Amino acid sequence: MTTVAPHPSVLALRRRQRAGAINRKVGWVLLPVMVAATAVHYLSGDRTTLAAVLVVLVVGLNTTHLLLSVYVFGLVRPRRTLKVFHIYFGYALGVVIWASQTNLDNEPLHTWLTILMFAGIGVHILLGARYAARRRAA
C-alpha cells in the first residue's frame with residue numbers, strides 16, 4: 001500500500017503554523033524576561049551580571065520573535081485592516097525593544113524608550129488576545 005504525500009503547499013502551511021505557535025511561546029517567555037531586565041536595571045542601581053544576562057536574553061528572544069514573525073507573516077501588502085496593523089506594529093515594536101535595551105546608559109532616552117516599549121507591548125498583547133480568541137473559536 002502506498003501513501004499519498006501531502007502537497008508542498010500544505011507542508012509549507014503546516015510549517016508556518018508550527019512556527020507561529022512557537023513564536024507565540026517565545027513572545028510569552030520574552031515578556032517576563034523583559035520585565036525582569038527592566039526591574040533589575042532600575043532597582044539595582046549598579047551593573048550586575050544578572051542585568052547583563054537579562055539584557056542579552058531580551059535581545060536574543062526579541063530577535064527570535066521578530067525573525068519567526070517575518071517567517072510566518074512576511075512583509076504583507078499594506079491594507080487598512082487590524083491584522084496588517086498588528087503585524088507591522090509588532091515589527092516596529094521589536095525595533096523599539098532593541099533600541100530600549102541597547103541604550104541603557106543613554107538617559108533620558110532609555111527611560112522614554114522603555115515607557116514606549118511597555119505601552120506598545122500592552123497594545124500588542126491586546127491585539128494578540130483578540131486573534132487568540134478567534135483561533136480558539138475556529
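Tyr-91 is buried, with a relative accessible area of 13%, whereas Tyr-88 is partly exposed at 28%; buried denotes under 20% relative accessible area, exposed over 50%, and partly exposed the range in between, with a 1.4 Å probe and protein chains only. The model is predicted, so that local features need pLDDT of at least 70 and side-chain atom pairs count only at pLDDT 80 or more, while totals for chains, interfaces and linings use all residues. Residues are numbered from 1 along each chain as its sequence is written, and side-chain values use heavy atoms, without hydrogens and water.

Both tyrosines, Tyr-88 and Tyr-91, belong to helix α3 (residues 82–101), where three residues, about one turn of the helix, separate them. Helices are DSSP runs (H or I) of at least four residues, numbered from the N terminus. The structure contains two aromatic pairs. Rings of Phe, Tyr and Trp (its six-membered ring) pair if their centres lie within 6.5 Å; planes under 30 degrees apart count as stacked, over 60 as edge-to-face, and the rest as tilted.

Charged side chains also sit over tyrosine rings. Arg-16 lies over the face of Tyr-71, 5.4 Å from the ring centre, and the charged end of Lys-83 is placed over the ring of Tyr-131, at 5.2 Å from its centre. The criterion is that NZ of Lys or CZ of Arg be within 6 Å of the ring centre and within 35 degrees of the ring normal.

Leu-82 is located in helix α3 and is partly exposed, with a relative accessible area of 36%.

Technical notes:
Helix = DSSP H or I, 4+ residues; strand = E, 2+ residues; numbered from the N terminus.
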